[in-house]
Structures are given as C-alpha cells and as structure tokens.
Amino acid sequence: MSDRKDRSTSCVRLLLGIVGPALPGLLMMSLFINLLALAAPIFVMQVYDRVIFHAGLTTLQALLLGIGAVIVFDFILRQARSRVLQRVALAVDVDLGRALFAKVAGLPLQVLESRPGHFWQFLFRDLETVRNTVAGAAIVALVDLPFIILFLGLVIWLAPPLAWVFALVAVAFILLGLWNGLSVGRASRLER
C-alpha cells in the first residue's frame, strides 16, 4: 500500500513540477482576459448613455475603436494562454510518458506476459486523460473560477436586485455540470 502511495506522490510532484511554473502566467493572462470581458457590457452602457441619448457619433467612433482594440488584445491573450497550455500538455506527455515507459520497460517479463495487451494500452491511454485534465478545459475553468466570484460580487454591489438572477443561473450551471460529469463518467465506465 505504501508503494502505491509513494508512486502517486511522485506522480503528483512530477505534475506540479510541470504545471507549477506555468500557473502564475496563466493566472495573469486569465486576469486580463476576464477584465477585458467587462468591456462589452461597458461598451453597451456607453452607447446607450452617450451615443443614443446625446446623438454623439464621434463618441461612437471612439468607442468602436476602443472595443476593436479590446477584441484584438483579448484574442491575442487567449491565443497566448492556449499556447502555454499546449506546452504544458506536451511536457506532461513527454515526462509522464517517459516515466511510464521506463516503469513498463523495467518490469520482469513474467509480469508483462501475465496481463493482456489491452491492459498496457489502457495505461498509456490514461496518460491522455491526465494530460487533458492538467492542460485542458478543466485547468482553464479552475483558473477562471475566482473571477466568477469577483463578477458576482460586482453584480451584487452594482445591481442588488439582479443578484438573485445570477445566483440562480450559477446554481443551474453547477447542477448541469454535475449532471454532465456524472453521465460522462457513467458512459466511460460502461465503455470500459
């Protein structure tokens, strides 16, 4: 049992060594991406307040230039975050794949022959699951989670009557995510 615990601890250390250095950069990019996400509602409010009400067409031109720059910068940041996650995924593939291959190659022949071929294939396929977990949509959602709480706090502060709507939507998305996770897990178990 302690051998299995030591192996999982060394695997976690390896993953933290791969993902850890990229995490501050991911957090900083997510900070700016989420702050830029506020530009669209601010743009709409300014169009209503300054352009439509005062018929300010020059203000509209300036706002359009500003929102265009925000969209371009947001695209660049999202592409940079995607490339960082690609590098992390590649590092996970290389390092964990190497460690797994070394472990399998070091096993005695009797152990290798005692298990069917698909068992060893599933070990390497599980590596893909680890890679997708560490460098996929799950890490982006985890990095973006604090900003959801920040935005909910801003809504409560700016428009308290609307807070319950956002709270209900958040609960609905959480329930939908849990149901989706359970159904995918069930389908995965059935497939295996």
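Read along the sequence, the chain runs α-α-α-α-α-α-α-α. That makes 8 helices and 0 strands. Helices here are DSSP runs of H or I with at least four residues, strands are E runs of at least two, and both are numbered from the N terminus. The chain is more spread out than a compact globule, because its radius of gyration is 24 Å, well over the 16 Å that the globule rule gives for 192 residues. That radius is taken over C-alpha atoms, and the rule is 2.2 Å times the number of residues to the power 0.38.

This is a predicted model, in which local features need pLDDT of at least 70 and side-chain atom pairs count only at pLDDT 80 or more, while totals for chains, interfaces and linings use all residues. Residues are numbered from 1 along each chain as its sequence is written, and side-chain values use heavy atoms, with hydrogens and water left out.

**Overall form and surface**

- The C-alpha trace spans about 85 × 30 × 30 Å along its principal axes.
- Of the 192 residues, 22% count as buried. Buried means under 20% relative accessible area, exposed means over 50%, and partly exposed lies in between (1.4 Å probe, protein chains only).
- The chain exposes about 14,100 Å², and carbon and sulfur atoms supply 72% of that area. Accessible areas come from the Shrake-Rupley method with a 1.4 Å probe; for residues, only the protein chains shown count as cover.

**Contacts and charges**

- Among contacts with a separation of 6 or more, 74% come from residues 24 or more positions apart. A contact means heavy atoms within 4.5 Å.
- The chain has 17 positive and 11 negative charges, and their mean positions are 2 Å apart. Lys and Arg count as positive, Asp and Glu as negative; His and the chain ends are not counted. Each charge is placed at NZ of Lys, CZ of Arg, CG of Asp or CD of Glu.

**Salt bridges**

- The whole structure holds 2 salt bridges. Each needs a side-chain nitrogen of Lys or Arg within 4 Å of a carboxyl oxygen of Asp or Glu.
- D74 and R78 form a salt bridge at 3.0 Å, N to O. They sit 4 residues apart in helix α4 (residues 57-105), so about one helical turn separates them. D74 counts as buried at 17% relative accessibility, whereas R78 is partly exposed at 39%.
- R81 and D144 form a salt bridge at 3.5 Å, N to O. This pair links distant parts of the chain: R81 lies in helix α4, D144 in helix α7 (residues 137-158), 63 residues apart. R81 counts as buried at 8% relative accessibility, and D144 counts as buried at 16%.
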